[in-house]
Amino acid sequence: MSKKFNTIAVCGLSWGDEGKGKITDYLAQKADIVVRYNGGNNAGHTINANGIKYKFKLIPSGAPLEKEVVIGNGCVVDPMVLLDEIDNLNKLGKKVNLKLSSTAHVIFPFHIALDGLEEKTKGKYSAGTTKRGIGPTYSDKAGRWGIRVFDLVHPEILKPKLEKLFRIKKELIKIYDPDWDMNFESVFEEYKVFGEKLKPYATDTAFYLNNAIDSGKKIVFEGAQGNLLCIDHGMYPYGTSSNPNALGISAGTGIPPKKIGKIVGIIKAYTSRVGEGKFPTELFNDIAVQIREQGHEYGTVTGRPRRVGWLDLFNLKYGVMINGIDTIIITLLDALHGITPLKVCTGYELNGSKLESWPIQHEIIEKCKPIYREFDGWKKLTDEEWSELAKQGYNSLPETMKIYLQAIKEQLQIDIGMVSIGPNRNDTIVLDKNLF
Ligand code: GDP
Ligand code: IMO
Ligand code: MG
């Protein structure tokens with residue numbers, strides 16, 4: 001692990017919603033810059049600080065602290081959503097110190113339309129997307145006719161590119177929906193205005209960030225989604241269209257891998273999933289209802305109830321390997337209160353044999369049976385009592401919780417850097433004082 005660079009990456013190790021926003025905000029207290037490197041407004045990152053609840057889709061989670069925030073080239077940007085977030089922060093009296101990569105790709109209304117129509121057509125292979133146009137925008141990026149922020153902020157460059165793309169997408173959409181119609185001029189005029197508004201933020205962020213790192217600035221890289229949603233290493237096709245893990249940081253920012261100082265894996269004390277794709281530890285009983293309610297497991301972006309299940313250390317071990325995790329942070333431990341026994345999956349069994357590694361293919365995963373270890377749970381406390389325990393520190397935590405944490409540490413063979421026992425910034429216990 002390199003100590004030379006003051007950079008730390010926050011990566012979700014599961015199916016998203018691990019509490020990346022909360023942890024990024026916490027680490028941002030010591031940072032100069034917070035950078036998003038992947039995804040778009042499919043993400044929903046929640047921060048509770050000083051009595052305010054922020055729900056960000058695009059703006060990096062350093063914004064409440066008025067840190068410099070950077071949206072890297074690996075992101076896809078819906079300009080309307082971004083401008084809305086800037087406006088909302090300004091209304092709260094927050095200065096937004098944003099730099100937006102001029103090579104990030106732009107989401108257009110036809111991408112959003114295609115997202116919904118393609119999902120319908122895919123049937124049982126649909127991922128249950130957020131329908132924000134994420135997949136179609138990354139498709140155009142890979143197809144090399146996508147429109148970037150640089151184009152958006154130069155209307156004379158935008159117009160001919162958009163004209164061509166618009167014509168082709170319109171024909172494509174009509175295959176799915178013959179009645180679909182949209183007027184080019186109105187889209188162009190709307191996006192021209194977005195471009196004018198976003199022009200002051202458009203920057204060569206790779207150059208900016210490399211210089212910032214070389215001059216000793218402290219930087220947090222904030223992942224969106226989670227390792228198991230990765231387009232390359234996740235549960236394809238039931239994931240997203242980017243690399244949400246540490247592998248996406250360099251491509252999504254222009255920062256070479258050797259300048260990434262530390263990689264932190266965020267895990268929940270249980271598993272949650274929004275969207276399609278079976279997972280072996282999923283629960284369908286009263287315990288699922290209890291976890292969902294206690295963890296407020298409803299999607300930040302779409303409001304969908306999240307599916308929940310027991311902690312799966314087998315897929316997390318895979319996440320540790322793929323991300324090269326240095327430290328783990330465990331969130332939502334409080335949300336399991338009052339449930340006993342707790343089960344933790346330590347491996348998968350397939351046709352009577354124990355698997356050596358997480359099988360990746362959904363057709364295999366669906367047939368796997370989880371191997372469980374049971375733990376005593378901890379009793380129910382009020383929010384105030386959890387906050388009080390956070391103030392008192394690790395030793396004050398219930399003994400059963402410490403046993404649960406120790407088992408996670410042993411199974412993953414990774415130290416625990418922090419634990420989170422409530423949604424507020426201060427409901428956090430730091431175990432590794434040198435974390436960042
Ligand atoms: P992200 O997408 O990884 O940033 O996570 P989300 O914000 O979508 O979902 C995590 C949810 O859990 C949010 O509502 C957070 O406010 C909340 N949260 C984070 N950490 C904790 C915790 O330790 N305890 C509780 N009760 N809630 C938490
Ligand atoms: P954060 O950053 C949880 C899921 C969707 C769907 C699949 C593809 O808050 O952790 P997409 O719209 O990306 O094409 O949808 O990925 N998904 C998320 N699930 N948290 C997220 O983000 C997600 N972003 C996408 O539900 O299954
Ligand atoms: Mg989320």
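Mentor: Take helix H11, residues 313-323, which is mostly covered: nine of its eleven residues are buried. Buried stands for under 20% relative accessible area, exposed for over 50%, and partly exposed for the range in between, with a 1.4 Å probe and protein chains only. Helices (H or I, at least four residues) and strands (E, at least two) are DSSP runs numbered from the N terminus. This is a predicted model, in which local features need pLDDT of at least 70 and side-chain atom pairs count only at pLDDT 80 or more, while totals for chains, interfaces and linings use all residues. Residues are numbered from 1 along each chain as its sequence is written, chains are lettered from A and ligands numbered from 1 in the order in which they are written, and side-chain values use heavy atoms, with hydrogens and water left out.

The buried residues of H11 are Leu-313, Phe-314, Asn-315, Leu-316, Tyr-318, Gly-319, Val-320, Ile-322 and Asn-323. Their cover includes strand E1, helix H9 (247-253), strand E11 (262-268), strand E14 (311-312), strand E16 (342-350) and helix H14 (399-412). After H11 comes Gly-324, with a positive phi near 65 degrees.

E1, part of that cover, leads on to the next place to look. Glu-18 sits in the loop between E1 and H1 and is buried, at a relative accessible area of 1%. A polar atom of the Glu-18 side chain is 2.9 Å from the backbone nitrogen of Ser-14. Apart from neighbours within four places in sequence, Glu-18 is in contact (heavy atoms within 4.5 Å) with residues including Leu-13, Gln-225, Ile-266, Lys-268 and Thr-331.

The loop between strand E1 (7-12) and helix H1 (20-28) also holds Asp-17. Asp-17 (OD) and Gly-44 (O) coordinate the magnesium ion, ligand 3, at 2.0 to 2.1 Å. Gly-44 is in the loop between strand E2 (33-36) and strand E3 (45-49), 27 residues apart from Asp-17, and the pair links distant parts of the chain. Donors are N, O and S atoms within 2.8 Å of the metal (3.2 Å for Na, K and Ca), and water is not among the atoms, so the site may look incomplete. Gly-44 is buried, with a relative accessible area of 11%.

The other two ligands involve these residues as well. Around ligand 1 there are 19 residues, the closest being Lys-20, Gly-44, Thr-46, Asp-334 and Ser-420; a residue is near a molecule if one of its heavy atoms lies within 4 Å of it. Oxygen atoms of ligand 1 lie 3.0 Å from a polar side-chain atom of Asp-17, 2.8 Å from a polar backbone atom of Gly-44, and 2.5 Å from a polar side-chain atom of Ser-420. Ligand 2 has 21 residues around it, of which Lys-20, His-45, Ala-127, Thr-130 and Thr-240 come nearest. An oxygen atom of ligand 2 is 2.9 Å from a backbone N or O atom of Gly-44, and one is 2.5 Å from an N or O atom in the side chain of Thr-130. A backbone N or O atom of Val-274 is 2.8 Å from an oxygen atom of ligand 2.

Asp-17 and Val-274 are also among the residues that Arg-306 touches, not counting those up to four places away in sequence. Arg-306 lies in the loop between helix H10 (286-294) and strand E13 (307-309). Arg-306 is buried, with a relative accessible area of 7%, and its side chain makes a polar contact of 2.6 Å with that of Glu-297.

Finally, the domains. The chain is divided into domain 1 (7-78 + 206-430) and domain 2 (105-200), with bounds from an automatic or database domain assignment. Their centres, taken over C-alpha atoms, are 30 Å apart, and 23 residues of domain 1 are in contact with 17 residues of domain 2.

Methods
Polar contact = N/O pair within 3.5 Å; in protein donor to acceptor, adjacent residues only side chain to side chain.
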